[in-house]
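Trainee: Could you help me learn to read a few features of a protein model? I would like to start with how accessible a side chain is.

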Amino acid sequence: MSRHPVPCAGVVCLRGDDVLLIRRGKPPRAGEWSIPGGRVELGESVAQAALRELAEETGVMAAILGLIDVVDHASEVRQAVLIDYAARWVLGEPRAGDDAVEAKFVGVAEAMRLVDWSETRRVIALAVERYATGAAAGGEGAIGVDRPMRDPVYIVTDIECDGSRPGQNSMIAFASVAVTADGVERGVFEAVLEPLLGGSSNSNTLAWFKTQPAAWAAATADPRPAQAVMRDFEAWVRGFAQGRIFAAFPLAFDGAWIDHYLRRFTDHGLIEGPYEKDRLFDGSGLCLRTLAAARTGQPVWDCRPATLPAAWLGLHAHTHRAIDDARGYAYLLGVLLGRWEAA
């Protein structure tokens, strides 16, 4: 046993009212159910260690909500100082890895039944008391989350526009594919929009579209009034009651257009504050470009569909037709979440 206590980070990861547990594969407490956690490594903060251990042991990404407690623990292996945080689930489905042999979300009552150590049960109870209600109701504990995230869908979206400035230029087409973290497609929304009244087109964008005649034809055929399209889009999104997360490649571009059009033609936006009611989307959106860059090691500014393996897009050709590109990005999401083979 070390002569000095070992600092360790743990995390109670909440998804709605559910708690993420692992079954330990190594001492101490091998074979028991617990929360993800492990040693703090040199050069990282305790909170960073908690999120790293969470990702290594479960494949889940989360956002820290706050410190729960500090617990002293002595075993046959070591004496440790356990620094436990609460975190809100962001993405990923549990897949056991590293020191864990099993990982799953369970209800609070089931967690209390499975966990043997009373200190872990106490820490879970504190996290649930402080944060689970806020996570489900959209309070301070979970910014931008209005629903228990029991079966969330990702609204993977691609837009086409006649310039780069929302409002001055127009979004002329977009498509969204609603897909679960398990890769199950739940629905598709596709629309062509009339240009904004008083708007103008960027000459360089139009010149580029002349090199893509099929994409231009798809983006301009049978346009509908923008207000009608966005209200239909809002109604379609609201059909997914168990959580809805906007995703795009990149989020900053496609998301800016969707946010502008939602705010202009509906009572909502892509990202709405923590105390706004009846929010349309949960959380702050997911940038697939950033995730792909992290996965491949590419600089984020160089990460493009053309630099990714074609198999990562499910062999969907990147045609600049909104629905084709949205389907490719929906498949990419599955690769990035570990649901499809990354060839």
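Mentor: Gladly! A residue is called buried under 20% relative accessible area, exposed over 50%, and partly exposed in between (1.4 Å probe, protein chains only). Arg122 has a relative accessible area of 32%, so Arg122 is partly exposed. Glu119, with 24%, is partly exposed as well. Keep in mind that this is a predicted model, where local features need pLDDT of at least 70, side-chain atom pairs count only at pLDDT 80 or more, and totals for chains, interfaces and linings use all residues. Residues are numbered from 1 along each chain as its sequence is written, and side-chain values use heavy atoms, leaving out hydrogens and water.

Trainee: What do Arg122 and Glu119 form?

Mentor: A salt bridge, meaning a side-chain nitrogen of Lys or Arg within 4 Å of a carboxyl oxygen of Asp or Glu. Here the closest N and O atoms are 3.0 Å apart. The two residues sit three apart in helix α3 (residues 118-137), so about one helical turn separates them. Helices (H or I, at least four residues) and strands (E, at least two) are DSSP runs, numbered from the N terminus.

Trainee: How many salt bridges does the structure hold?

Mentor: It holds 16. Some share partners, joining Glu41, Glu44, Arg52, Glu53 and Glu56 into one network.
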